[in-house]
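Biologist: Could we go through the charged side-chain contacts in this structure?
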Amino acid sequence: MSIDTSSIRKILEFERKKGYADSVVVGGLDRFLANWSGKALESVTDRKLLARFRKLGLITPNYALLNPQQRKEWIEAVLAFLPEIEKIEAEAAENKTSKPESPSKTMPQEVPAWPSRNRKSVVSALSRPSIDSPVTIISGISTRLAEKFEKLGVRTVRDLLYFFPHRHLDYSQRKTISQLVEGEEQTIIANVWEAHLSTPGGRRSTEATVGDETGNVRIIWFNNPYLAKRLAPNSKIVISGKVSVFRGQRVFESPEWEFVEDKDTVHTGRLVPVYSLTEGLHPRQVRQLMKRVVDQWAGQLEDFLPAAVRQRCKLLGLPEAVSQAHYPENATSKDSARVRLAFDELFLLQLGVLGKKREWQESQPGNPFNVEVPGLDTFLKSLPFTLTSAQQRVLKELLADLRREKAMSRLLQGEVGSGKTIVATAALLVAAANGFQGAFMAPTEILAEQHFSGICQLLSAVASQTEADDCLRSFSGLLPRPLTVALLVGDVRQVKKRGLQKRILDGEVDIVIGTHAIIQKAVEFHRLGLAVIDEQHRFGVEQRAILRQKGANPHLLVMTATPIPRTLALTLFGDLDLSVIDELPPGRQTIKTKWLRPEQRESAYSFMRKQVGLGRQAFIICPLVEESDAVQAKAATAEYERLSSEVFPDLRLGLLHGRMSGKDKDEVMRLFRCGELDILVSTPVVEVGIDVPNATVMLVESADRFGLSQLHQFRGRVGRGTEQSYCMLLAENPSEVSSQRLGAIENIQNGFALAEEDLKLRGPGDFFGTRQSGLPDLRMAKLSDIALLELARKEAIKLFEVDPLLEKREHRPLAKELVRVWHKEAEMS
C-alpha cells in the first residue's frame, strides 16, 4: 500500500494560498492530518522514515495551536518532505525483486523540525503498548470483539478506561439466608448442596439448592443449562440479586454469582458496574474484561491535573478516580471518583474556551469603531417604542466593546420578545457608519427572511428606500451614503445569488442577513467588521469560527432566547462575555399554559374554534414531518390532512415544515401573517423568531417529546399582541421525567427559572438536548452541579491568568491533555 502524497500536497498548497487560516478543511487541518498520517503509517516500515514523521509532528498534529508564521514554516517543511517520500516509494518498487539498498542510500535528507510541544515519540508509541494503543493489544480482545466496542466509541485502551458504567448495582449488603427479605438487592455466601437441569415453561434452565449455617434457599437460572455441570456439590459461591417468593418459598431468580476465591469479586458482593452494551457484548463478559483492564492499565494514566489544583480542591488522583469509578470500594469512593472526573471535564472545557477567546482577541488586533455616530441616535429616536432599561444597558455594553481594539466576543441572552434584534440592528448600523460590513446569521430561512423584513421595515421609518427587490434594499438619509441590506439564503436563485455575492465582495452591501449560506466558500466580504449570530445554540463553535474568518478579526455578537443560568453560560460559552436582557417590553402578558390529557383533545379543538371565531389565529405543532413506524408521535402532514377534512373543514388551515421550498414556506407564512389562514400546522421550524401578533393559541402535539427550552420557545410564538394568549400541551403517555417537565412548563413562566428546572431534570449531557457542536462531551459532569461548575471555572481562570499557554514545566501534562481532548472532539464533530 503506497502513501497518498497528492491529497496532502493539494490540501497544504491550498492552505498556503488561503493565508494559513486553518479554513480549508471542515473541522480544521488537524483532523485531516490525523486521518492522513494514520493511513500513511500503515505503509511505513523504516524506522528512520518514522523518525521523520515524528520530527514533523505528523502523528499528533497541533496545527490549530500555531501562529501564522509557525504554520507557514511547518507547511514548507512538510511540502519539502513529500518528494523524498515519493522517491523512497519509487526506489522500493524498483527493488522489489532485487536486494534492497542500504537505508543510507534511500533515506531523505534531514528535514527541519517544527514546534512539537507535548508530542510522543512515534517510534516509541509504535514499538511498545501504551494506553493510546488499539484495544486489540489486550489479551482476549479479538478484531471482531474490537469492532463491537468501536460501535460504543471505544477504540483505544484509554477509551476503555473512560468507558464508565452508567450505574452500579448495590450487591454490597451481605446477609445470611435467614435474613433475606423479598424485593431487595442482597448478597449471600453459601454452599451448593445440589444443582440439576430443569425446564420451567419449556426453558432449559439450572436449578440449585444452596445453604449456610442459618438455612437453605432455592435458586433458578433461566436459559442457563450449562451451570448445572459447573456448580459442583460443596462448592462455595457468592450470590447477589433480588429475592422473590414462589409458593411460599424464597427464590433467587437468575442472580449474579461467582465462586468464592482469594481475589476480588467482580459480579457479586460489592457495587457492581452496569455498562452500556451492543449486540454481541454481554454483561459478565464486559465486567470481567473491564476489571482486568482497570487493574492492569489505570495505574499508567498520567495525572495531568496540577498538584496544587488537586490539593486545593481535595480531589482524588486520576488513576484512583478511574479505578473507583468502575469498581468502587463503597458509595463514598464512587462519589469521590465522579467528582474528580467531572471536575476534569469542566476544567478542560473551561480552559479550552478561554484559550479560544484569547486566540481570537490577541492573535490579531480588532477593528475599533467610532460609536458616536449621528445615524444611531436618529435610528433609536425613530423607533415606535422606547428601549427598556435592560436594552439600554446591553447596548451600552456592546458599544463599549465595539470601541476597543480587542475584538468583541459577546453572548446576548434574552427572553422571547425581549428585543435582542433591535440591539443587534443598532450595532450593525454602527459598523456600517464606520465603513465596515455586518453579517447577521439565523438558523432557518424563515427566521432570516423575517429579520430581513423586520430590519428593513424599521429602516424605512427613518430613511428613504431607493432600491428594492426580494433580496436587496437600499436606504438613503440615515448615513452620509446609501445603506444597503441584502438577504442571502439557500433558496435564492443561482444567478441572483452570484450577483449578491459579487456586490458583497465589492463592498456594495453593508448588512448581509442570511442562513448557513453566509459561511459558504463562495461568499467573501470586502470588509467584514461585525458578525451577529442569532439562536447561537443552533450553531457550533466551528461555524462561529468560519464566520469570523470571513473578516480580519471582526467583532462577534451571538444571541439566544434559550435562557441559560449564568454559571452554566460562562462554562459552556466561556469564550464569550455575557449580557442579559432580563426585562420584557411593557404590555407582554402571561400566557396561560395547560397540560392536557388525551381525553381532553376535543375540548382543546373547541377552544381553538372559539378563538378563531373571535378573529384570532392558532398554531398546532407536531414533532415530525411524516409518520414513522419507529417513533410514536404526531406527524405534521398527516395531521394537517386529518384536521382539514375531519376537525376544521370550515376553517382555513396551512402546513409548514422544513422540507418545503423557500418559496412555498414564504407563501404560507405570508398568508398566516396577513390573516388569510386561521390555523397553521407546523413542525418545530416555528420554534424561533416567528412573529404573528394576532396568534393567541399554541397547541403542541406529543409535547413529551420536547425539552423545556423548546416548549418555552413554542409558547413564545403567541402572546406577542395585546390579547390574552394560551398554550396547550397534549401528551399521550409521558414518562416520569416528561411528566415532571410538562408540570414545570405549566406552572413556571420565567425562562431562567425554567432553565434551572431543566438542569435538575437532565443530569449529565448537553443542556440543549443535542451536543453543542465543537465542545468536548460531558460523561461524568452533571450540569446541575453548580458548585462544581463554579469551582472548575474559578480554578481554570486562576491558572489561565498565570500561564495562559501552559508553558510551565508542571503544566505540560495538562497542555498535552487539553490538546488531546479538544483534538478528539474536532475528529468527532
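Modeller: What follows concerns salt bridges and the parts of the chain that they link. This is a predicted model, in which local features need pLDDT of at least 70, side-chain atom pairs count only at pLDDT 80 or more, and totals for chains, interfaces and linings use all residues. Residues are numbered from 1 along each chain as its sequence is written, and side-chain values use heavy atoms, with hydrogens and water left out.

Biologist: How many salt bridges does the structure hold?
Modeller: The structure holds 31 salt bridges (a side-chain nitrogen of Lys or Arg within 4 Å of a carboxyl oxygen of Asp or Glu).

Biologist: Which residue forms a salt bridge with E817?
Modeller: R158 does, with the closest N and O atoms 3.9 Å apart. R158 lies in helix α8 and E817 in helix α28 (residues 812-828), so the pair ties together parts that are 659 residues apart in sequence. Helices here are DSSP runs (H or I, at least four residues) and strands likewise (E, at least two), numbered from the N terminus.

Biologist: Is E817 buried or exposed?
Modeller: E817 is buried, at 8% relative accessible area, and R158 is buried at 10%. Buried means under 20%, exposed over 50%, and partly exposed in between (1.4 Å probe, protein chains only).

Biologist: What network do shared partners give?
Modeller: Salt bridges with shared partners join D132, R158, E817 and R820 into one network. Within it, R158 also pairs with D132 at 2.9 Å between the closest N and O atoms. D132 is partly exposed, at 35%.

Biologist: Changing topic, what does R616 meet in a salt bridge?
Modeller: Its partner is E723, at 3.2 Å from N to O.
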